[in-house]
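Let's take a walk through this model, charge by charge. Have the structure open while you read.

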Amino acid sequence: MRTRSSFSHNPHLRVSRPVSACSRCRVAKVKCDGKLPACTACEKAGRENECSAASDQQFARGKERSWVAALEARVEKLDRRLNHARSRKASVALHEVDDNTVTMQDSERRDSLVDITAAIHRKAARTREKADFNTLVSDFGLLTVNATTPGFDTQQESANPMSFARLVLAAAQHDTLPDPNTDELPYQEVAEANFQFYQDNILPLYPLFPTADLKALVPKIYDAADLGILGGIRSSEYWLFWMVMAIASAAQSKAVNDRNYYDALQYVARALPYADRAFVPGYTTQIQALVLLTQYSMLDPAHFDSWHLIGFACRACIDLGFHKDHTFTQQSSKDTIDARRRTFYCVYALDRAISMVHARPFSFKDDDISVRLPSPSVDNERSDPSLPLFELRRLQSGWYQTLVQTDSNDPLRDPIQYVWQKYHETQRWSKELTLDLPATIRTAFDLELDYSSVYLVVPSPRTPKLTDHGRLLIFEHTIRYLYRMYEVVKASPSEGFYTYHDALKVFFMGSQLVTVLRDPGESDLWQSLGATEPPQQNPPLPERLDKDLSDSIARSNSCLDKVNETLKLYGERWEQVKTLADHFDRTTTDIKSYLETRRDMVESAIARSMQKDGRHALPTSRPGTNPSTLAYQSAPMTQHTSQRANQGAPWGHSTGFQGHHNVHF
């Protein structure tokens with residue numbers, strides 16, 4: 001047996017298996033053992049000189065001769081390292097000293113070694129920090145790909161803890177949801193009732209899915225549960241089922257702790273485990289899943305942020321090309337194109353509504369999209385109510401971008417003309433509504449008309465001044481809106497799709513009413529503007545809904561009371577509204593006192609006038625003045641300046657954005 005040293009100096013010149021046979025063995029198709037300098041077959045045949053193994057030129061890189069050269073190089077390298085180690089050992093032995101005779105130089109050397117060691121540790125720490133940072137950046141890079149491509153695998157959770165769904169929930173979720181208290185499905189009758197509520201009140205306005213598909217989902221899930229084959233249901237279908245249940249339950253809730261709200265929280269908690277699969281990018285189901293969560297967030301602001309969620313939905317629409325009609329392929333059918341357009345306009349309508357109520361910028365501009373309105377849906381026996389909603393959102397989007405999102409340093413050439421033109425377009429939209437709309441949807445459209453009219457007329461960054469006729473329009477539209485909304489909130493059972501945003505709208509409309517009551521304006525319609533001539537014929541005032549009240553002071557007092565009651569009812573449903581209700585109640589105390597003083601002054605003046613003419617007024621009579629002008633005579637409250645008139649606008653003093661819940665009086 002050879003020692004390790006002898007092997008290093010005399011390495012074997014054969015391997016266990018030859019890399020390549022010699023040319024003679026290859027032609028004769030016999031086994032070649034690769035022996036050097038000539039193989040065994042060539043030696044037996046007496047042709048050692050003809051064996052290709054004997055020629056260095058026949059060995060290619062990586063063949064037998066190359067292996068030998070590599071082995072020799074390795075031996076030489078080991079020899080050099082061994083000699084270096086021996087020389088260092090001799091040097092250390094030559095300079096050995098006694099441990100008790102440590103010199104200053106040795107101490108300095110030791111200190112130097114400590115410093116070097118500390119520097120090495122610091123460098124290692126920086127290296128680890130850099131590696132961790134690179135890992136984090138790569139995770140975000142992978143996350144970006146996950147948000148825009150379909151090649152996302154949610155099964156690799158241990159290797160990739162980041163996902164698009166988790167990013168969405170981390171950005172948009174506020175409070176933690178309670179854990180589900182059961183794994184069982186609710187009673188099928190409960191599910192069918194909730195799905196019917198969604199189909200009657202929400203799906204007609206936001207037709208994300210065909211009605212037939214939604215109706216077939218409930219029996220499909222319950223049949224699969226009875227047969228024990230729940231694995232046959234896709235994650236997107238489970239997400240749709242639980243989110244529709246949650247939205248319908250939350251929409252029927254009357255108080256924050258009632259049974260409907262508790263069930264809604266349970267349903268959302270049951271849906272979240274399917275979020276990773278439901279939010280898989282690259283598919284239409286991702287957009288639909290985000291819209292469903294957005295709709296629920298409008299009903300539950302304590303747990304989710306609707307503005308962030310609709311922003312994610314808009315981004316998904318743009319990534320999939322839903323904002324352009326030209327992205328459709330030639331093989332796309334008409335139904336497929338209409339389905340894509342309906343999906344886009346559902347996202348578009350929610351983005352415009354949510355951004356306006358919070359007085360924030362839209363997720364994308366109208367100039368960046370080119371999508372036609374979809375064809376009327378064939379799922380409804382009546383006319384499709386989603387198309388009027390989409391048209392209204394396009395009207396609102398146009399003037400909102402012009403008046404609010406455009407630089408205020410770039411004034412409009414004729415702002416009053418622009419406002420009246422857009423106001424007439426909104427009124428024309430209302431007159432063109434069909435008569436066969438369901439009553440709940442028609443009421444929602446009338447509320448949107450009044451809200452949009454007031455939002456358009458109030459001072460904005462590019463229309464900072466308010467005309468006297470504009471004050472009249474604000475007065476009439478706010479009273480109409482608040483009168484209707486009070487009846488809606490009191491209705492039982494709940495009908496329609498009314499959300500937390502409607503509570504913000506009530507506060508906004510109430511603040512506009514307070515603003516015009518504090519500053520009724522001048523008697524001359526155009527004097528305050530300094531215009532030489534009216535821009536066009538003033539728009540007519542809307543029809544009154546409170547005809548039982550005789551004058552504007554009585555109408556104002558009654559409407560302020562309705563605002564307080566409406567906000568208190570909404571406060572039982574959303575804790576955030578209680579603060580708004582308390583603030584509005586404190587703020588309107590002086591307004592009510594002023595209105596009562598104003599009434600006494602008017603009644604005294606009328607009584608004196610009648611006594612002068614020899615007539616006597618009944619003690620309980622009320623003045624028979626024009627109800628639309630009494631509250632606008634030039635007698636503003638002395639304790640409030642006219643500058644307060646603009647403070648009720650959703651964007652504050654013509655600068656920046658300010659949500660409805662932050663409106664000042």
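A salt bridge here is a side-chain nitrogen of Lys or Arg within 4 Å of a carboxyl oxygen of Asp or Glu. Keep in mind that this is a predicted model, in which local features need pLDDT of at least 70 and side-chain atom pairs count only at pLDDT 80 or more, while totals for chains, interfaces and linings use all residues. Residues are numbered from 1 along each chain as its sequence is written, and side-chain values use heavy atoms, with hydrogens and water left out.

The structure holds 22 salt bridges, so let's look at a few by the definition just given. Start with Arg 234, which pairs with Glu 237; their closest N and O atoms sit 3.5 Å apart. Glu 237 counts as buried because its relative accessible area is 11% (buried means under 20%, exposed over 50%, and partly exposed in between, using a 1.4 Å probe and protein chains only).

Next, jump to helix H18, residues 468-490. Helices are DSSP runs of H or I with at least four residues, numbered from the N terminus. Within H18, Arg 471 and Asp 468 lie three residues apart, about one turn of the helix, and their side chains meet in a salt bridge of 3.0 Å, N to O. Are these two partners buried or exposed? Arg 471 is buried, with a relative accessible area of 8%, and Asp 468 is buried with a value of 8% too.

Lys 592 and Asp 561 form another salt bridge, with the closest N and O atoms 2.8 Å apart. This pair links distant parts of the chain: Lys 592 belongs to helix H22 (residues 589-612) and Asp 561 to helix H20 (residues 552-573), 31 residues apart. Lys 592 is partly exposed at 23% relative accessible area, and Asp 561 also counts as partly exposed, at 34%. Elsewhere, salt bridges that share partners tie Arg 442, Asp 446, Asp 450, Arg 480 and Arg 484 into one network.

Now for a charge without such a partner. Asp 384 sits in the loop between helix H14 (334-357) and H15. Asp 384 is buried yet has no salt bridge, and the nearest side chain of opposite charge, Arg 342, is 5.5 Å away. (Lys and Arg count as positive, Asp and Glu as negative; His and the chain ends are not counted.) What does the side chain of Asp 384 contact? A polar contact of 2.8 Å joins it to the side chain of Ser 386. A polar contact is a pair of N or O atoms within 3.5 Å; within protein, one must be able to donate a hydrogen and the other to accept it, and residues adjacent in sequence count only if both atoms are side-chain atoms.

The loop between H14 and H15 also holds Ala 359. Its phi is near 55°, a positive value in a residue other than glycine, and Ala 359 is buried, with a relative accessible area of 0%.

Last stop: the loop between helix H15 (386-403) and helix H16 (415-431), where you'll find Gln 405. Gln 405 counts as partly exposed because its relative accessibility is 28%. A polar atom of the Gln 405 side chain lies 3.2 Å from the backbone nitrogen of Phe 362.

Notes: Helices (H or I, at least four residues) and strands (E, at least two) are DSSP runs, numbered from the N terminus. Lys and Arg count as positive and Asp and Glu as negative; His and the chain ends are not counted.
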